[in-house]
Amino acid sequence: MTSREQTGLLSKDHEADAHVTWRDRLTVALFAPLTAPFLLKSLRGGSHTEKARLLARLDLPEDALPHLGSWKADTGLLHLIVDTIEDKRPRHVVEFGCGASSLIIAAALKKAGLPPHLSFDQHADFVASTKEWLGTHGLDADIRHAALKPNDDWPGLFYDTGPVADSIDLLIIDGPPWTLHPQTRGAADRLFAQLAPGATVLLDDASRPGERLIARRWTRENPDIDFRLWKGGEKGTLIGTKRG
């Protein structure tokens, strides 16, 4: 399954879910009523007009993104990614959570004459089908399977990526799903030390309660990165800029 297919409201189940602690499950249950309005809002995924404009600016066919919404990136985030690539011209892009965003990142980088990006996802079948999907559009990306594992600094689970090269220019975080823990994406901060001067961090779903708590802690613990909440799109995006 890739973002070519329709998906449900909740994220895809995964074997790593069995490693989620009872405390994390309880936290998810407590946050569920607070998060539900954002999940419902995310079903829209953006207007047909904005999707058509997005595809046109990247020279992609009209049917390149047949389904958006649910846990997928919305057109607001996707336009923001393209804007960032056009403006910053990042040579080293890292993405957590592959799918529709992978297609758009790959197309934007190719159009800008920049190297393919590195992407991680916990579903091996999703990685394979996303690679195939990009290939049908003549696009390339280094999409890798990375199991989800506990970490010492944040609740929930995060990608076991192995070593990632320094000098990251753009870090895009659209996974893992909040159903592991509302703050599970906070562990992406382990790559902050590898951000190049002037690098950009984009955290999707930043208007949700869990991501707002992540933003507070990131802001407190990383004084060398300026964070702000961008309220475009359906779910909001936290934008961080590493000071040069």
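Helices (H or I, at least four residues) and strands (E, at least two) are taken here as DSSP runs, numbered from the N terminus. On that basis, the protein chain of this predicted model holds six helices and nine strands.

**The chain as a whole**
- Of the 244 residues of the protein chain, 56% count as buried.
- Among the contacts in the protein chain with a separation of 6 or more, 72% come from residues 24 or more positions apart.

**Helix 4 against helix 5**
- Helix 4, covering residues 100-112, packs with helix 5, covering residues 124-136, at an angle of about 40°, and their axes lie 10 Å apart.
- The two helices, helix 4 and helix 5, are therefore oblique to each other, and helix 4 passes helix 5 in a right-handed crossing.
- On the helix 4 side the contact involves Ala100, Ser102, Leu103 and Ala106, which meet Thr130, Trp133 and Leu134 in helix 5.
- The residues of this contact of helix 4 with helix 5 divide into five nonpolar and two polar, with no charged residue.

**Histidine 117**
- Histidine 117 sits in the loop between helix 4 and strand 2 (118-121).
- Because its relative accessible area is 1%, histidine 117 counts as buried, the cut-off being under 20%.
- The side chain of histidine 117 makes a polar contact with the side chain of glutamate 95, at 3.1 Å.
- When its neighbours within four places in sequence are left aside, histidine 117 is in contact with Val93, Glu95, Ser102, Ile105, Ala106, Leu109, Ala141 and Asp142.

Technical notes: Residues numbered from 1 in each chain as written. Predicted model: local features only at pLDDT ≥ 70, side-chain atom pairs only at ≥ 80, totals over all residues. Heavy atoms only, no water. Axes fitted to C-alpha atoms, helices over the stretch in contact; angles between N-to-C directions. Parallel < 35°, antiparallel > 145°, perpendicular 65-115°, else oblique. Left-handed = near helix turned anticlockwise from the far one by under 90°. Contact = heavy atoms within 4.5 Å. Nonpolar A, V, L, I, M, F, W, Y, C, P; charged D, E, K, R; others polar. Buried < 20%, exposed > 50% of the residue type's maximum accessible area, 1.4 Å probe, protein only. Polar contact = N/O pair within 3.5 Å; in protein donor to acceptor, adjacent residues only side chain to side chain.
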